Amino acid sequence: VMAARYAKVNKLNECLVLNVHERIADATIANIFLMKDGKLITPPLSEGGVSGVMRRYLIENVSAEESEIAQRDLQEADEVFLSNAISGIRWVKSFRQKSYSNQQSKKIYKDLIQTISA
């Protein structure tokens with residue numbers, strides 16, 4: 001709730017939630033994934049995130065691996081996207097001064113839509 005309020009007050013589209021170890025657990029209403037060195041990574045549930053339906057789908061079908069995500073990892077990531085069952089996959093264009101591409105995110109989204117439409 002505090003993260004969602006922070007996002008609203010600061011006119012941000014979304015806000016990340018940190019755990020007690022200052023690592024990324026989730027976003028306010030979505031799970032976070034990042035692409036780094038060709039690997040799709042999401043925080044393990046032990047980091048404090050929500051066990052989302054879309055998260056589970058991506059882990060099982062896109063070979064996402066679970067790993068702790070430090071704030072510095074966002075600066076080193078090639079792509080970042082958020083997922084939940086309502087909006088599917090939402091590409092993150094930027095975080096602070098860092099801009100992200102969306103080539104892999106587009107492919108994952110396209111594959112997801114084809115799976116749903118089939």
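1. Arg96 is found in the loop that connects β8 (94–95) with β9 (98–99). The model is predicted, and in it Arg96 has a positive phi of about 55° although this residue is not a glycine. Most residues other than glycine have a negative phi. With a relative accessibility of 61%, Arg96 counts as exposed.

2. Asp37 belongs to the loop between β3 and β4. Its relative accessible area is 67%, and Asp37 is therefore exposed, since the term applies to values over 50%.

3. The strands may be considered next. Strands of a sheet pair through backbone hydrogen bonds, either parallel or antiparallel.

4. By contrast, β6 and β7 pair in the antiparallel sense, over four bridges. Leu82 stands opposite Arg90 in β7, and a hairpin of three residues leads from β6 to β7.

5. Which two residues form the aromatic pair? They are Phe33 and Phe81, and their rings are stacked, at 5.2 Å centre to centre with 10° between the planes. The structure holds one such aromatic pair. Because Phe33 lies in strand β3 and Phe81 in strand β6, the pair ties together parts that are 48 residues apart in sequence. Phe33 is buried, with a relative accessible area of 0%, and Phe81 also counts as buried, at 2% relative accessibility.

6. The largest nonpolar core has 14 residues, of which Ile32, Leu34, Leu74, Val80, Leu82 and Tyr100 touch the most other members. β2 (24–27), β3 and β6 are the elements that give two or more residues to this core. A second, separate core has 10 residues, including Phe33, Met54, Ile89 and Ile108.

7. The surroundings of Tyr100 can be followed in the model. Apart from neighbours within four places in sequence, Tyr100 is in contact with residues that include Leu74, Ala77, Asp78, Glu79 and Val80. Its contacts also include Trp91, Val92, Lys93, Ser94 and Phe95.

8. Helix α4 covers residues 103–117, which makes 15 residues. From its first C-alpha to its last it reaches 21 Å, close to the 21 Å expected at 1.5 Å a residue. The buried residues of α4 are Ser105, Ile108 and Leu112. Why do these buried residues line one face of the helix? Seen down the axis of α4, they fall within an arc of 65°, so they line one face. An α-helix has 3.6 residues a turn, so residues three or four places apart point the same way.

Methods
Residues are numbered from 1 along each chain as its sequence is written. This is a predicted model: local features need pLDDT of at least 70, side-chain atom pairs count only at pLDDT 80 or more; totals for chains, interfaces and linings use all residues. Side-chain values use heavy atoms; hydrogens and water are left out. The expected span of a helix is 1.5 Å times one less than its number of residues. Buried means under 20% relative accessible area, exposed over 50%, partly exposed in between (1.4 Å probe, protein chains only). The arc is that of the directions from the helix axis to the C-beta atoms. A nonpolar core is a set of buried Ala, Val, Leu, Ile, Met, Phe, Trp, Tyr and Cys residues joined through side-chain atoms within 4.5 Å. Contact means heavy atoms within 4.5 Å. Rings of Phe, Tyr and Trp (its six-membered ring) pair if their centres lie within 6.5 Å; planes under 30 degrees apart count as stacked, over 60 as edge-to-face and the rest as tilted. Two strands pair if DSSP finds at least two bridges between them.
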